[in-house]
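Please look through the model shown here, and then work through the questions and answers that follow.

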Amino acid sequence: MSQTIAARATSLLDRLGVPADAYVGGSLASFTPITGEEVARLKVDSLASTEAAIARARAGFEAWRTVPAPRRGELVRLLGEELRAAKDDLGALVSLEAGKIPSEGLGEVQEMIDICDFAVGLSRQLYGLTIASERPGHRMMETWHPLGVVGVISAFNFPVAVWSWNAALALVCGNCVVWKPSEKTPLTALAAQAIFDRALARFGDAPAGLCQVLIGGPDIGAALVASHDVALISATGSTRMGKIVGPKVAERFGRSILELGGNNAGIVCPSADLNMALRAIAFGAMGTAGQRCTTMRRLFVHEAVYDALVPRLIKAYASVSVGNPLESKALVGPLVDRAAFDAMQTALTAARAAGGTVYGGERVTIGPDTAFYARPALVEMPEQTGPVLEETFAPILYVMKYSDATDVIRKHNAVGAGLSSSIFTLDVREMETFLSAAGSDCGIANVNIGTSGAEIGGAFGGEKETGGGRESGSDAWKGYMRRQTSTVNYSSSLPLAQGVVFDID
């Protein structure tokens, strides 16, 4: 085991307040994609301890739901303070465990801070409507109540931000949270829990079981999904995973928020600012080594500007820096593991077979052979076919030429997922068409920026095989509450709705 990486991980965990017995001597090995080597061994939860955690959360909910929402917001405010104090260390741990470059590791923690700020304000804005009644002397109103236990199942690529999107909103809405992180990034989850525990200690009078983390494999996630005591499952992962989780939760009439695959595309129009488009496409397609759900994977370029843009993109792909994010200023770090690299190579082989011209994509030797770095790949494709129609969680950008504005939107929408999209144009008609009901069918539609980099103020999520869920800002909080419509009769008579007459002596 690399003592340098392991020692750095141990030092960070110690400063973040994670007890050593949680990550030493256990049965779950934690690896860093930076070297591919083991850095810790975590103790894992059993099905019995999972059931006990759910029971604690259920008991805690019965107390937490009666705490005034602004008071619940105070806990989240304190969490934001603790995250600010721990930002550098937690960001470094994200980089170490997920392989992100330092600015992206720190950016992920900033997302956590931002959603805490959002949720604190929200704690005084859980508004319902007053509704006009058709019956005289009656008042109708809509009230939002806490839902119950929220189970969060998160993925490796955003190991802590996605938990915070869910937890901050769930907590101010009056719920308790049980979190099952990815087996590939459990250390950052332990650190986030330690940070939360410090906020909880400062808060002082919260019930037990308010927010818990469970370490383990798919059996732990399956137990959360199956439990009738978990009112809502928020699961982030592949479309394949969502097709398993969604029906199982629905079968017991639970709720789910599914954040699944994204085969995201950009369109470069004749009027586009090509310098801006070049930078936006490069980050959107290569950032986080192509391991974002919002990564740009398809690019349609108008024939009038194709020859002006695509050679510049090919040059950028050939020159972008790939390297160890802890020891260099490289813009592209490692793939998470061998399976990710193999999937990338399989897709590139299929693209060549379909007539594509591949630039890049080869393995880059950095450190031991247990680490998997790859040069991002740009693939010029004759048409949208084969691997272009599937999401490969790696830095591959398929580029295609188009000529017709209506046809390109049809091609843009002709994939299973519907998460993020973008158009580069200075033409207001092209922009408004793309944003209209006849335009992008994605949950996120951007103009003159890439597909990545969503802010927490907007609800995050997508349509079709992306799952339809929404997390983070806007009115996503409603997904963590139950709606109740109440009618109050303050008159001395009993008129019935819809003119119904039902008189009895």
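Q: In the crossing where helix 3 passes helix 6, what is the handedness?
A: This is a predicted model, and in it helix 3 covers residues 69-98 while helix 6 covers residues 186-203. The two helices pack against each other with their axes 8 Å apart. Where helix 3 passes helix 6, the crossing is right-handed.

Q: Are helix 3 and helix 6 roughly parallel or roughly antiparallel?
A: The axes of helix 3 and helix 6 make an angle of about 150 degrees. Angles over 145 degrees count as roughly antiparallel, so helix 3 is, relative to helix 6, roughly antiparallel.

Q: How do helix 4 and helix 5 run relative to each other, roughly parallel or roughly antiparallel?
A: Helix 4 (residues 102-122) and helix 5 (residues 161-172) have axes that come within 9 Å, and their crossing is right-handed. The axes cross at roughly 15 degrees. Because angles under 35 degrees count as roughly parallel, the relation of helix 4 to helix 5 is roughly parallel.

Q: Is glycine 262 buried or exposed?
A: Glycine 262 sits in the loop that joins strand 9 (255-259) to strand 10 (264-268). Its relative accessibility is 0%, and since buried means under 20%, glycine 262 counts as buried.

Q: What is the C-alpha to C-alpha distance between glycine 262 and glutamate 465?
A: Along the sequence, glycine 262 and glutamate 465 are 203 residues apart. In space, from C-alpha to C-alpha, the distance between glycine 262 and glutamate 465 is 8.2 Å.

Q: Is alanine 289, which has a positive phi, buried or exposed?
A: Alanine 289 is found in the loop between helix 9 (274-286) and strand 11 (296-302), and although it is not a glycine, its phi is positive, at about 55 degrees. Its relative accessible area is 2%, and because the cut-off for buried is under 20%, alanine 289 is buried.

Q: What is the phi of asparagine 448?
A: Asparagine 448 lies in the loop between strand 19 (444-447) and strand 20 (459-460), and with 21% relative accessibility it counts as partly exposed. Asparagine 448 is not a glycine, and yet its phi is positive, at about 60 degrees.

Q: What is the area of the nonpolar surface patch that includes Val500?
A: Valine 500 belongs to the segment after strand 23 (481-489), and with a relative accessible area of 45% it is partly exposed. Together with Leu494, Leu496, Phe502 and Ile504, Val500 makes a nonpolar surface patch with an area of about 570 Å².

Methods: Residues are numbered from 1 along each chain as its sequence is written. This is a predicted model: local features need pLDDT of at least 70, side-chain atom pairs count only at pLDDT 80 or more; totals for chains, interfaces and linings use all residues. Side-chain values use heavy atoms; hydrogens and water are left out. Patches are made of residues with over 30% relative accessible area and no salt bridge: like charges are joined within 9 Å, nonpolar side chains (Val, Leu, Ile, Met, Phe, Trp, Tyr) within 5 Å. Accessible areas come from the Shrake-Rupley method with a 1.4 Å probe; for residues, only the protein chains shown count as cover. A salt bridge is a side-chain nitrogen of Lys or Arg within 4 Å of a carboxyl oxygen of Asp or Glu. Helices (H or I, at least four residues) and strands (E, at least two) are DSSP runs, numbered from the N terminus. Buried means under 20% relative accessible area, exposed over 50%, partly exposed in between (1.4 Å probe, protein chains only). Axes are lines fitted to C-alpha atoms, for helices over the stretch in contact, and angles run from 0 to 180 degrees between N-to-C directions. Angles under 35 degrees count as roughly parallel, over 145 as roughly antiparallel, 65 to 115 as roughly perpendicular and the rest as oblique. A crossing is left-handed if the near helix is turned anticlockwise from the far one by less than a right angle, and right-handed if clockwise.
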